[in-house]
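Work through the exercises below with the sequence and the 3D view open. Try each task before reading its solution.

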Amino acid sequence: MSTLHGKTYVVTGASTGIGRSTAILLANAGAQVFAGVRNQDAANALEGESPNIRPLMLDVTNPDQIMEAAQTVSAAVKTRGLNGLINNAGMAVAAPLEFVPIDEFRYQIEVNLIGQVAVTQAFLPCLRAAKGRIINITSIGGRIAGRLLGAYHASKFAMEALTDTMRQELSPWGLQVVAIEPGEIATPIWITGTSYADRVMEKIPPQVTPMYGNEIEALRASAPSKAANGLPPEKVAAVIYRALTAARPKTRYLVGIDAQIGDKVFRLLPDRLRDYMIRRMM
Ligand SMILES: NC(=O)c1ccc[n+]([C@@H]2O[C@H](COP(=O)([O-])OP(=O)(O)OC[C@H]3O[C@@H](n4cnc5c(N)ncnc54)[C@H](OP(=O)(O)O)[C@@H]3O)[C@@H](O)[C@H]2O)c1
């Protein structure tokens with residue numbers, strides 16, 4: 001692994017999972033890492049991992065925190081600029097589109113899409129100074145949409161589109177923009193997603209149960225095995241490292257055999273056959 005001494009990166013959503021692994025990997029390679037967190041416990045835990053990690057209070061839906069975080073990083077990097085922004089923060093709202101509460105749908109888009117744009121805008125002056133890279137953590141769920149996660153898929157499909165536009169708009173200045181598209185990764189998102197889904201379900205009328213109850217239960221029952229058996233988040237961090245350091249990075253990286261197969265096989269199937277297979281798999 002080449003040294004990243006003298007380089008500076010911002011990772012959003014660094015308290016757990018892919019963001020945390022990425023922050024630690026970059027810090028261990030010698031980079032200074034500003035790690036976005038939402039509470040002091042997460043900040044303390046990350047600071048304990050490496051002296052190169054500096055926590056930033058950064059909820060991507062909070063404009064004041066975004067502005068303060070950008071000012072902090074700008075003051076630290078000065079004219080050297082920022083070498084990379086990893087737009088990783090994210091969450092999943094699970095509910096059938098027929099019933100998903102609109103405020104929850106809006107929050108999903110706010111966190112996974114609008115927040116990413118707001119953060120990117122705030123850090124772009126620093127990124128330009130270093131011809132830095134923007135790494136957007138999307139998902140295979142940004143290429144293939146299944147059931148019950150329509151709000152999440154909408155956010156990730158849209159992030160794929162934004163990544164394509166950003167890449168084209170920023171390339172004249174030498175900035176690279178890359179999408180990382182993981183399959184199932186063993187992170188807390190599966191468990192926090194389940195408890196978030198429980199809260200969402202409390203707002204949904206009871207007729208959801210006879211209509212979608214079996215599927216919802218199946219999704220809930222599969223979460224612990226996904227949290228345990230997915231690829232370790234360090235594998236995604238290693239791909240992010242490649243995207244940050246390759247002389248000519250790919251525009252998108254699928255991570256995991258499930259994502260590769262999903263892309264190669266599922267996307268080629270006729271729509272109704274794919275719908276049938278997804279339903280059988282659930
Ligand atoms: N795990 C998978 O199978 C998988 C697959 C494809 C793509 N992804 C994507 O990978 C990214 C990281 O997810 P993960 O799997 O590593 O899950 P995770 O461990 O749950 O991490 C999610 C991170 O996002 C943060 N976050 C949530 N809402 C936020 C907000 N409003 N502002 C700032 N940070 C916020 C969380 O912070 P708190 O701890 O404060 O909540 C946490 O640090 C997400 O974009 C996810 O969609 C994951």
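Predicted model: local features only at pLDDT ≥ 70, side-chain atom pairs only at ≥ 80, totals over all residues.

## Exercise 1: The ligand and its shell

**Task.** Describe the surroundings of the ligand: how many residues surround the ligand, and which are the closest?

**Solution.** 
Step 1. The shell holds 28 residues, and the closest are S15, T16, R38, Y152 and T187.
Step 2. Sort the shell by class: 14 residues are nonpolar, ten are polar and four are charged.
Step 3. Look at single atom pairs. A backbone N or O atom of G13 is 3.1 Å from an oxygen atom of the ligand. In the side chain of K156, a polar atom lies 2.9 Å from a ligand oxygen. For T16, a side-chain N or O atom is 2.7 Å from an oxygen atom of the ligand.
Step 4. Ask how much of the ligand is covered. Taken alone, the ligand exposes 890 Å², and the protein buries 91% of that.
Step 5. Name the elements that give two or more residues to the shell: α1 (17–28), α4 (102–130), α5 (150–170) and α6 (189–202).

## Exercise 2: Salt bridges

**Task.** How many salt bridges are there? Which parts does the pair of D263 and R143 tie together?

**Solution.** 
Step 1. The count comes to 17 salt bridges. Side chains of opposite charge can pair when their charged atoms come close.
Step 2. In one of these bridges, the side chains of D263 and R143 meet at 2.7 Å, N to O.
Step 3. D263 is in helix α9 and R143 is in the loop between β5 and α5, so the pair ties together parts that are 120 residues apart in sequence.
Step 4. Both D263 and R143 are buried.
Step 5. Move to another pair. The side chains of D198 and R220 form a salt bridge of 2.1 Å, N to O. D198 lies in helix α6 and R220 in helix α7 (residues 208–229), so this bridge ties together parts that are 22 residues apart in sequence.
Step 6. Check the accessibility of this pair. D198 has 32% relative accessibility and counts as partly exposed. R220 is partly exposed too, with a relative accessible area of 24%.
Step 7. Return to D263, which has a further partner: R267 forms a salt bridge with D263, the closest N and O atoms being 2.7 Å apart. Salt bridges that share partners join R143, E160, D164, R167, E181, R252, D263, K264 and R267 into one network.
Step 8. R267 is partly exposed, at 44% relative accessible area, whereas D263 is buried, at 8%.

## Exercise 3: Contacts of R274

**Task.** Is R274 buried or exposed, and what does its side chain reach?

**Solution.** 
Step 1. R274 is found in helix α10.
Step 2. R274 has a relative accessible area of 16%. The limit for buried is under 20%, so R274 is buried.
Step 3. The side chain of R274 reaches the backbone oxygen of F266 at 3.0 Å.
Step 4. A polar contact of 2.8 Å also joins the side chains of R274 and D271.

## Exercise 4: A nonpolar patch

**Task.** Which residues form a nonpolar patch on the surface, and where is V265 found?

**Solution.** 
Step 1. The patch is formed by I257, I261 and V265, with about 290 Å² of accessible area together.
Step 2. V265 is in the loop between α9 (257–264) and α10 (271–281).
Step 3. V265 has a relative accessible area of 40% and is partly exposed.

How values were computed. Residues numbered from 1 in each chain as written. Heavy atoms only, no water. Patch = residues over 30% accessible without salt bridge, like charges linked within 9 Å, V, L, I, M, F, W, Y side chains within 5 Å. Areas by Shrake-Rupley, 256 points an atom, 1.4 Å probe, with all protein chains shown as cover. Salt bridge = Lys/Arg side-chain N within 4 Å of Asp/Glu carboxyl O. Helix = DSSP H or I, 4+ residues; strand = E, 2+ residues; numbered from the N terminus. Buried < 20%, exposed > 50% of the residue type's maximum accessible area, 1.4 Å probe, protein only. Near = heavy atom within 4 Å. Polar contact = N/O pair within 3.5 Å; in protein donor to acceptor, adjacent residues only side chain to side chain. Nonpolar A, V, L, I, M, F, W, Y, C, P; charged D, E, K, R; others polar.
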